[in-house]
Each structure stands twice: as C-alpha cells, then as structure tokens.
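Me: I'd like to go through this protein step by step. Could you put it up first?

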Amino acid sequence: MLRIPSWRCQLCSCKKTGSLVNLTVTSVAGNTSGSAKITVEPILTSGNSYKYKTAANPVMPEYGVLCRNGYTNWDGISEITVPEGQKLLIAEVDKSGRCAGAGIAEAIAEG
C-alpha cells in the first residue's frame, strides 16, 4: 500500500498531503554576462508559480514548506543571474507559496 506523507502546518493548522514532484532543471549560458537560461520539466501546474535561489549547495525543500526566505519569484522565461560556482534551485509553489516540486541544476552562466 502506498502511503502519502502528510504534515500539519504550525501556522494555520491546515493539513497538507502529497509528495514533492522532482523537477528536471537544465541550465545553459544566457545572452548576457553572468546569466543562465533555464528550462524546467515537467511544465508548471496551472495556478502554480516558480521561485528560485542560488547557493553553493542548496537544500531541496520538503513538500508543503513555505518557500519565502532566500527565494526570488521567477516567470519561467527570463534569464537568471547566477554567481559563479553556484547551483540553482527551482521550486514550484502553489498560490500560498508552499512547495509542490523542486529541482537543482549546476548553473551554467555566460562568462
């Protein structure tokens, strides 16, 4: 029997169930210095949005965690400026900012 993890939010006592969707994040050099062009699969779920962060060793968020501190909104199209030697974490969040999926890529930026 497949068990779906669940948790209870300490802020609002809501109960979320589900599992984190693994996103395949690909980075190629962008058109401007220090930028990367990013693609994400699978495509964004209707009603959700993307956030990103860069770090030397970013940690994958857990399903349902609020992605606020350290994250930047991303439209899924614009190139992202990435500091040299950093990895890029893309999170798909629902309308309340809770993580539904995530993936990490080695950032390849235009030098």
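Me: Okay, what is the mean pLDDT of the protein, and what share of its residues reach 70 or more?

Reply: This is a predicted model, in which local features need pLDDT of at least 70 and side-chain atom pairs count only at 80 or more, while totals for chains, interfaces and linings use all residues. Residues are numbered from 1 along each chain as its sequence is written, and side-chain values use heavy atoms, with hydrogens and water left out. The mean pLDDT (the predictor's confidence in each residue, from 0 to 100) is 87, and 85% of the residues reach 70 or more.

Me: Where is confidence lowest, and where is it highest?

Reply: Among strands (DSSP runs of type E with at least two residues, numbered from the N terminus), E1, residues 6-8, has the lowest confidence in the protein with a mean of 45, whereas E7, residues 72-74, has the highest at 98. Over residues 1-15 the pLDDT stays under 50, and for this stretch the model has 22 contacts beyond four places in sequence, a contact being heavy atoms within 4.5 Å.

Me: New topic: how many disulfides are there?

Reply: The count is zero, where a disulfide is taken as a pair of cysteine sulfur atoms within 2.5 Å. For Cys67, the nearest cysteine sulfur is that of Cys99, which is 4.3 Å away.

Me: Is Cys67 buried or exposed? And Cys99?

Reply: Cys67 has 1% relative accessibility and therefore counts as buried, since buried means under 20% relative accessible area, exposed means over 50%, and partly exposed lies in between, with a 1.4 Å probe and protein chains only. Cys99 is buried as well, with a relative accessible area of 2%.

Me: Which strands form the open sheet, and in what order?

Reply: Three strands form it in the order E4-E5-E8, with antiparallel pairing; two strands pair if DSSP finds at least two bridges between them. E4 (24-29) and E8 (80-81) stand at the edges with a single partner strand each, so one side of each has no neighbour in the sheet.

Me: How many bridges join E5 and E8?

Reply: E5, residues 35-41, pairs with E8 over two bridges in the antiparallel sense, and Ala36 has Ile80 in E8 as its bridge partner.

Me: Last one: how many aromatic pairs are there?

Reply: There is one aromatic pair, counting rings of Phe, Tyr and Trp (its six-membered ring) whose centres lie within 6.5 Å, with planes under 30 degrees apart called stacked, over 60 edge-to-face and the rest tilted. The ring centres of Tyr50 and Trp74 are 5.3 Å apart and their planes are at 40°, so this pair is tilted. Tyr50 in strand E6 (residues 49-55) and Trp74 in strand E7 are 24 residues apart, and the pair links distant parts of the chain.

Notes: Helices (H or I, at least four residues) and strands (E, at least two) are DSSP runs, numbered from the N terminus.
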